There are 2 protein chains.
Amino acid sequence: MTKLLRSWVESANSESCPFPLNNLPHGVFSVAGSTPRCGTAIGGMVIDLHGLEEAGWLDFSGALKTGSWNAVMAAGRGEWARLRARLTDLLAEGASEATALAAHLVPMRDAQLHMPFSVTEYTDFYAGRHHAFNVGTMFRGAENALPPNWLHIPIGYNGRASSVVVSGTPIRRPHGQIKGRDDVAPRFGPSRRFDIELEMGAIVGQPSNGPISVAEAFDNIFGYVLLNDWSARDIQAWEYQPLGPFQAKAAATTIGPWVVTSAALEPFRVSTPVREVPLLPYLHEPGPMLYDIALEVGLTPEGGHETIISRTNYREMYYSAAQQLAHHTSCGCPMRVGDLLGSGTISGPEKTSRGSLLELSWGGKEPIEIAGGTRTFVEDGDTLVLRGRAIGDGYSIGFGDCAGKLLAARD
Amino acid sequence: MTKLLRSWVESANSESCPFPLNNLPHGVFSVAGSTPRCGTAIGGMVIDLHGLEEAGWLDFSGALKTGSWNAVMAAGRGEWARLRARLTDLLAEGASEATALAAHLVPMRDAQLHMPFSVTEYTDFYAGRHHAFNVGTMFRGAENALPPNWLHIPIGYNGRASSVVVSGTPIRRPHGQIKGRDDVAPRFGPSRRFDIELEMGAIVGQPSNGPISVAEAFDNIFGYVLLNDWSARDIQAWEYQPLGPFQAKAAATTIGPWVVTSAALEPFRVSTPVREVPLLPYLHEPGPMLYDIALEVGLTPEGGHETIISRTNYREMYYSAAQQLAHHTSCGCPMRVGDLLGSGTISGPEKTSRGSLLELSWGGKEPIEIAGGTRTFVEDGDTLVLRGRAIGDGYSIGFGDCAGKLLAARD
């Protein structure tokens, strides 16, 4: 396993720092109202890549000036690697450029983080074995929990790109049509079963125009973000037959501010779990394409203290993002730079490793304990934070907090 | 009812012409490899709006130079009306500018038509009462044909914007996972039940960021195109539970080349059919928001003759595009300029007014007669053409052919 790469930015060298030189996650930031531009986290600082380019330290044809990583993604894999190599050199311990470069560092606390890329289209999957089993058991009983296609297809549906927001954006409790089991007719009102879904988002960095293999799909993924697919369970229950979730999922999806590149995650590749039935050849993985990333969810009530309500790992997924992307193209569907693929809710086998409140509270029937109270679903004023960390030998790769606070519904 | 507005472009004055001065549909065209730019159809000609602007006849800040109508849409309703009024003046019979303007006309046969706008996100609905009943009857029997939510919600799902193509683009028969009822496991291969769906597409011309009323939604719709939502029925049958259609719908959706504006369709407004159960207030229409548009589908086998396989009318829809758009925003989902909303398949009450081959051939069990053969689903080499026409007093408003030819699957 790779060791810590030491940087002249001292705060990047501690074992607990989420942003060592090994990571170099990509974001978009501004300082005191400046124009948003591309930056990379290093230790407790953000390095201004547009500033580095203007000063002649980098040459990426102005792609770093734009307030999004889409232009760098579109420039291709060679450029992704060239940028990573160059930043690794410039920021390494002992680099002769250190003194000059330090002028382009901004303390993380002074940086406002924006959407790291422009989401072209958003697709959400349903690829967590434990989540699908838990939800299926609640709705159809344990014998019929998994739909018959589930072990053959990485089930997905198209989401709404316009509703994707960056960490820190407040979330408004949505209205919608809701019909209880015993109601004669639906009513229109605020969702009362508003939930989170702990997911990873994979970002398509290269376009394709026709079916691609799992290996090609793996190569086309630029990186990963944490993703919270906010879900109104009561709206979903009434609307989703026969064509799937729609307004239940379109109020908001929060992504983390830092894109951790596939290159940074390379040492953490793991295989998907053992197949329960053989997959069709177009979904075969030529190597390990999932990642060992420890995940947790914190819930903080308004004015209260945080409780970690779930701890799980991305390696629990039954399908990798590469398999999902290959399946996505199987009919010939064109993919574009900036397409975002949600993994599906990442639940583990334990009760405490479930990635949604629907599962944690078993459909609202078993409230969970939090500091100072209990929860079935998200309450107004609650802040939900997702965190992720890949743990190496003496260092770790973090994703930055993916946070959202729920505001009361509109009057 | 409005009468024919006469133009100095003589071909626009015939009763059978789809593009009289009353219409002025918006498209994007090029001639002999020139850069695509905005144009408007008038009679048998296209008038080059970028050329008009360069020559000083129009002033829309360069928005007409771009190869898409998105910039004009974004400019707002006032600009939509100003452009229509100005073109109506310039092209009217007796206009003093006629001789000078004639230099900017291009014969329709010399114009290559491109995507008229950039599709931001694509949503498809399921709002035709007869279609939903027919499909439901085939799958669940007549008693359970309509899902319980259908009369309350304009059911919709998110589609794939990257797969939307303009009329004339060849369509490749898709591969996908398919499992017959008696198969032990799915196979991966070409779809054998590839179908069309006759729809109208409504184009969102103004953004919204939160719930909007049906009246606001009506005002935000820039115009309409014909839309063929190609559908792989066998892929859909296996994949669509529980989260809806995905790869079955993502091979391609064809739209017509001409956007007929809401302004041009104003004389043809009609009410939606009588409600079978009361709608919730947020879906109430303050006036007629559907349109009387006669529709037909032609099928031409490779080297053969066309058969009209369906004749129906847009007024058969149970929900209008304005109701669909209002529902789309009900959870707070942001909408953006260029969002495309497919109406859902438009079937009428007669056997000959069904808008898909699935219905016309009753799931493949009752092949329909065409010139020189029969059809259950689309065969390789078939060209499918949708046509639409709103019929006024001595004139009609056409949409241009929405055509696509099916190519054999990849090897």
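## A buried residue in chain B

Buried means under 20% relative accessible area, exposed over 50%, and partly exposed in between (1.4 Å probe, protein chains only). N13(B) counts as buried because its relative accessibility is 9%. N13(B) sits in the segment before β1 (26-31) of chain B. Leaving aside residues up to four places away in sequence, N13(B) touches L4(B), L5(B), R6(B), S7(B) and E93(B). Touching, or contact, means heavy atoms within 4.5 Å.

## Basis of the model

This is a predicted model, in which local features need pLDDT of at least 70, side-chain atom pairs count only at pLDDT 80 or more, and totals for chains, interfaces and linings use all residues. Residues are numbered from 1 along each chain as its sequence is written, chains are lettered from A and ligands numbered from 1 in the order in which they are written, and side-chain values use heavy atoms, with hydrogens and water left out.

## How the two copies are related

Chain A can be laid on chain B by a turn of 180° and a shift of 0.0 Å along the axis, with an RMSD of 0.0 Å. The two copies are therefore related as by a two-fold rotation axis. Superposition is by least squares on the C-alpha atoms of residues with pLDDT of at least 70 in both copies.

Within chain A, G244(A) comes closest to the rotation axis, at 2.1 Å (C-alpha). Both copies use the same surface: 100% of the contact residues of chain A recur in chain B.

## The interface

Chain A gives 54 residues to the contact, and chain B gives 54 residues. The area buried between chain A and chain B is about 5,000 Å², with 59% from carbon and sulfur atoms. Buried area is the accessible area (1.4 Å probe) that two parts lose on being put together, summed over both. R160(A), L243(A) and F246(A) supply 17% of the area that chain A buries against chain B, more than any other three residues.

Four salt bridges are found across the interface of chain A and chain B. Each is a side-chain nitrogen of Lys or Arg within 4 Å of a carboxyl oxygen of Asp or Glu. One salt bridge joins the side chains of D339(A) and R160(B) (2.4 Å, N to O).

Methods:
Helices (H or I, at least four residues) and strands (E, at least two) are DSSP runs, numbered from the N terminus.
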